[in-house]
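Here is a short note for a colleague who is meeting this structure for the first time. Please keep the view open while reading the points.

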Amino acid sequence: MREPAKITPDLVAQHGITPDEYQRILAILGREPNFTELGIFSVMWSEHCSYKSSRAHLKTLPTRAPCILQGPGENAGVVDIGDGLAIVFKMESHNHPSFIEPHQGAATGVGGIIRDIFTMGARPIALLDPLRFGPLTDAKSRFLARGVVGGISAYGNAVGVPTVGGELFTHESYAGNPLVNVFCLGIAPKDRIFLARASGEGNPVIYVGAKTGRDGIHGATMASEAFDEGSEERRPTVQVGDPFREKLLIEACLELMAGDAIVAIQDMGAAGLTCSTCEMASRGGTGIEIDLAKVPLRETGMIPYEVMLSESQERMLLVAKRGREPEVMQVFAKWDLDAVIVGRVTGDGLMRVKEGDRVVAEIPARALAEEGPVYHRRMERPAYLAETEWADLAAVPVPEQLDRALLALLASPNIASKLPVWQQYDHLLFCNTVVEPGSDAVVLRVQGTGKGLALAADGNGRYTYLDPYEGGKLAVAEAARNVVCAGAQPLAITNCLNFGNPERPEIMWQFGEAVRGMGDACRAFGTPVTGGNVSLYNETLGTAILPTPIIGMVGLLDDIRQATTQWFKAAGDIVLLLGETRDELGGSEYLKVVHGLETGRPPRLDLTRERAVQAACLAAIRAGLVRSAHDCADGGLAVALAECCVTGPGLPLGARLATDSDHRPDAQLFAESASRIVLSVRPDDAARVERIAGEYRVPCRRLGEVGGDALALHGRGFSFSLPVDAVREAWSTGLWRWLG
Amino acid sequence: MKVGVLIFPGTWSHQDFAHVLQDVLGCEWGYVWHKDTSVAGYDCLVLPGGFAHGDYLRGGAIARFSPIMEAVVRFAKSGGPVIGSCNGFQILCEAGLLPGALLRNTSLQYRCRWVYVRTESTATPLTRTLAPGQILKIPISHGEGRYFAAPETLAALRANDRIVFRYATPDGRITAEANPNGALDNIAGVCNEGRNVVGLMPHPERAAERLLGSEDGRLLLESLLAAATRP
């Protein structure tokens with residue numbers, strides 16, 4: 001690349017910098033930026049790095065609770081779980097690169113989030129991957145899905161961090177813009193958490209890991225634009241991952257962080273060397289000076305602009321204590337990692353980039369990291385809502401064969417068994433996995449304690465499209481309910497907010513409303529937000545994805561032996577429903593799969609009722625009364641009951657059950673009313689569970705009992721029975737036939 | 001009685017072995033770094049799972065050149081018990097301590113799941129205390145686990161009772177459905193001529209506690225410890 005001689009308005013525009021933003025740059029510098037500086041501003045002030053459109057909304061989210069040791073603003077959030085231990089977790093998106101090159105796009109997404117966790121001093125012990133693709137009937141979507149799953153599998157397995165779960169949902173709107181969100185959780189001694197704050201004037205700044213190449217230049221800027229016809233031409237901006245080198249980085253960094261030679265550490269992810277340098281300096285209230293002549297390069301002839309903007313993977317920047325360089329270098333040498341002192345901490349607050357003696361960029365670090373533009377973008381209620389909200393669902397015919405409808409739902413990739421995906425992930429490494437993927441939440445034990453962690457990821461784009469506020473609320477509620485069904489108390493969330501182009505007022509309204517809903521739900525459940533990620537511009541040729549907030553929820557079990565799974569355990573057990581089914585078919589998977597409709601209002605969520613249902617369920621589990629607990633959501637009561645019959649690892653179990661309501665038959669079966677949990681209990685314990693439900697003022701209805709080799713369902717106006725083998729067949733082959 | 005757990009760069013099951021050896025079995029153990037050149041002081045060696053040196057070329061292909069391997073070969077030749085699980089099995093094959101090779105799974109995909117294996121030979125340190133034909137529930141986690149050997153090698157393995165484990169149904173039948181990776185003859189583990197070196201694809205360390213769904217892997221490690229204890 002050659003450096004342009006002059007900064008022209010065209011060049012500024014090509015960097016995605018608006019004329020107003022450029023005026024701001026001139027004011028900050030008191031002069032015209034050079035080409036390198038323009039590039040640096042361009043990435044740091046990109047939507048991806050600066051959160052300029054979302055920041056004003058995110059500020060409204062609750063972030064505090066006694067257990068929160070570190071909220072948003074660092075590489076990841078930190079939560080105290082007792083016994084001197086803390087968990088460190090975060091979720092991020094890698095949507096844009098994964099569309100351009102699915103295998104490497106997803107793989108480097110995994111690598112990036114893992115670095116965010118061990119950067120804090122925590123050993124990464126679990127990954128979750130919420131994924132969204134176009135319909136798998138479409139060859140391109142299958143290619144993307146296989147590539148993404150293969151990339152996660154290849155990177156996660158080799159790097160040695162178990163992928164213990166996730167979710168997968170398909171919808172037309174994701175065909176040209178799949179979503180790849182990646183969650184990582186680590187564990188650390190509570191008093192050994194590292195922050196990315198450069199301090200101590202004169203302390204050395206050390207570069208470690210892979211050499212810098214031209215890969216990924218302007219990756220963060222790419223992630224801040226919508227796709228057009230030329231998107232596939234951008235393959236060069238996607239990086240290639242090296243899980244082996246990442247594994248070495250994890251071990252070397254954790255070994256170093258066990259001592260006290262390190263002051264601060266940050267990975268070079270989006271915006272690479274630029275971001276790590278100015279953010280560490282800005283957080284520490286210091287400056288950093290680096291010399292690019294010392295940066296290990298993979299290619300010749302790279303100009304400062306390219307070195308500063310490269311997003312080559314598996315690189316870390318750290319600040320060590322002065323005089324402790326030899327021991328730092330010794331550890332990296334042990335692990336065969338290149339480490340070089342590239343600069344030092346200064347007291348002048350500037351990010352000064354030199355090439356030998358020549359200063360090639362000099363910018364106040366804080367201006368880049370913290371003082372980027374903040375937009376209060378215009379919001380406008382989308383016009384389509386006037387139509388969907390008032391859709392006449394009474395006119396939708398009730399199918400004659402409701403058993404067929406149930407089988408069709410079970411075979412929908414959104415509901416069917418995700419085994420074809422998670423069997424490609426090592427989900428057992430570290431000997432912690434007590435409840436494997438395939439139940440409402442995965443449960444990991446915390447070694448050295450009797451405790452457990454329950455993890456769940458959730459978010460329904462269809463609900464959020466039909467009512468962004470309720471969609472935001474429902475995402476948090478369902479994630480919390482999943483964790484509760486596993487026997488855990490919800491602790492805190494991270495999130496990934498995937499939306500369209502924020503410059504469109506109706507997209508911005510969706511975003512603002514969803515965040516408002518999430519905030520209200522988080523406050524109600526006492527589960528603060530510890531950080532997360534916003535991915536905007538998820539559009540192709542002007543069509544946005546369904547607005548998709550994904551919640552990553554972490555819950556704590558005080559006694560790991562109380563870990564609970566979703567499937568029925570034994571014939572003769574009584575099946576109970578906590579909560580109640582309302583006549584709510586709007587936004588349901590049933591309307592989509594059986595009638596091809598995506599309309600109506602999503603289920604209403606009463607936060608007080610939701611809290612009560614969760615508390616009652618948890619109280620019953622803690623009293624040792626619950627054999628299985630399953631969240632009743634996608635596909636409604638009938639799907640939840642069918643899942644209780646067939647999703648266990650053993651032979652399927654039948655059941656004879658009645659519905660709990662007298663709405664139209666399809667609503668009795670398939671309405672996705674919130675705040676419902678299906679329990680199975682020993683016959684002798686049913687009355688005690690009912691009493692607990694009564695104490696929490698939660699409806700609790702006996703639906704029937706477990707047993708036989710058929711799922712027999714009846715209610716007002718219908719009755720049918722399906723062999724459990726047919727039920728399992730539909731559920732287990734629905735996704736298999738596309739991704740097996 | 002002290003177990004040496006080898007660490008190559010890219011190994012990841014060493015912590016799990018250490019956890020089981022220390023917290024479940026309460027035995028003495030230590031890590032052996034791949035750049036070391038001696039295994040003195042250890043009564044038995046374990047090569048754990050992972051992606052040694054990244055395994056970009058082929059599972060175990062680079063690890064056999066790690067400095068420690070000369071000492072491992074000497075230890076094995078002198079009759080010391082050496083166990084390789086998963087990537088460790090691949091390394092032992094590449095190092096020539098075990099016959100055959102581990103190819104890409106027939107599905108061409110990585111597989112992590114619980115499998116059942118039938119104990120085919122109890123004449124190894126890993127299986128000495130088991131019953132012949134005993135069925136074990138243990139997880140696998142690999143992309144290259146399809147055991148393969150030339151016909152004459154397979155014949156020799158069979159003739160000398162050197163097939164140690166075969167993938168089986170829960171009730172012990174050897175079927176194609178029970179084979180998770182396309183392994184020749186459902187072979188999940190073999191031993192050397194001296195019977196002191198055993199490689200297996202499953203992860204016994206992941207099946208050593210009831211909380212995790214099976215204690216069958218612990219039986220193998222207990223057998224190993226009993227065998228390696230000096231009289």
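1. Chain B has 231 residues, for which a compact globule would have a radius of gyration near 17 Å; the value for chain B is 16 Å, which agrees. Chain A has a radius of gyration of 26 Å, close to the 27 Å that the rule gives for 740 residues, so chain A is as compact as a globular protein of that length.

2. Some ground rules. This is a predicted model, in which local features need pLDDT of at least 70 and side-chain atom pairs count only at pLDDT 80 or more, while totals for chains, interfaces and linings use all residues. Residues are numbered from 1 along each chain as its sequence is written, chains are lettered from A and ligands numbered from 1 in the order in which they are written, and side-chain values use heavy atoms, with hydrogens and water left out.

3. Secondary structure. Helices (H or I, at least four residues) and strands (E, at least two) are DSSP runs, numbered from the N terminus. Chain A has 27 helices and 28 strands. Chain B has five helices and eleven strands. Along the principal axes, the C-alpha atoms of chain A fill a box of roughly 85 × 55 × 40 Å. The C-alpha trace of chain B spans about 45 × 35 × 35 Å along its principal axes.

4. Burial and surface. Buried means under 20% relative accessible area, exposed means over 50%, and partly exposed lies in between (1.4 Å probe, protein chains only). In chain A, 67% of the 740 residues count as buried. In chain B, 62% of the 231 residues do. Accessible areas come from the Shrake-Rupley method with a 1.4 Å probe; for residues, only the protein chains shown count as cover. Chain A exposes about 23,800 Å², and carbon and sulfur atoms supply 50% of that area. For chain B the accessible surface is about 8,400 Å², with 51% belonging to carbon and sulfur atoms.

5. Contacts along the chain. Contact means heavy atoms within 4.5 Å. Take the contacts in chain A between residues at least 6 apart in sequence: 85% join residues at least 24 apart. In chain B, residues 24 or more positions apart account for 77% of the contacts with a separation of 6 or more.

6. A:I7 lies in the segment before helix 1 (9–14). At 12% relative accessibility, A:I7 counts as buried. What does A:I7 touch, leaving aside its neighbours within four places in sequence? Its contacts are A:V12, A:Y22, A:E32, A:P33, A:N34, A:F35 and A:L38. A:P33 is 26 residues from A:I7 along the chain, yet their C-alpha atoms are separated by 7.8 Å.

7. An enclosed helix. Look at helix 23 of chain A (residues 636–646). Eleven of its eleven residues are buried, so helix 23 is largely enclosed by the rest of the structure. Among them are A:L637, A:E643, A:C644 and A:C645.

8. Cysteines. A disulfide is a pair of cysteine sulfur atoms within 2.5 Å. A search of the whole structure finds zero disulfides over all chains. A:C278 is in none; the nearest cysteine sulfur, that of A:C275, is 5.8 Å away. A:C278 is buried, at 0% relative accessibility. A:C700 is partly exposed, with a relative accessible area of 23%.

9. Backbone points to check. Most residues other than glycine have a negative phi. A:D336 has a positive phi of about 55° although it is not a glycine. A:D336 sits in the loop between helix 13 (325–334) and strand 11 (339–346) of chain A, and is partly exposed at 49%. A:S675 also has a positive phi, near 60°. Its loop runs between helix 24 (665–670) and strand 25 (677–681) of chain A. Is A:S675 buried or exposed? A:S675 is buried, at 4% relative accessibility.

Key. Rg over C-alpha atoms; globule rule 2.2 N^0.38 Å.
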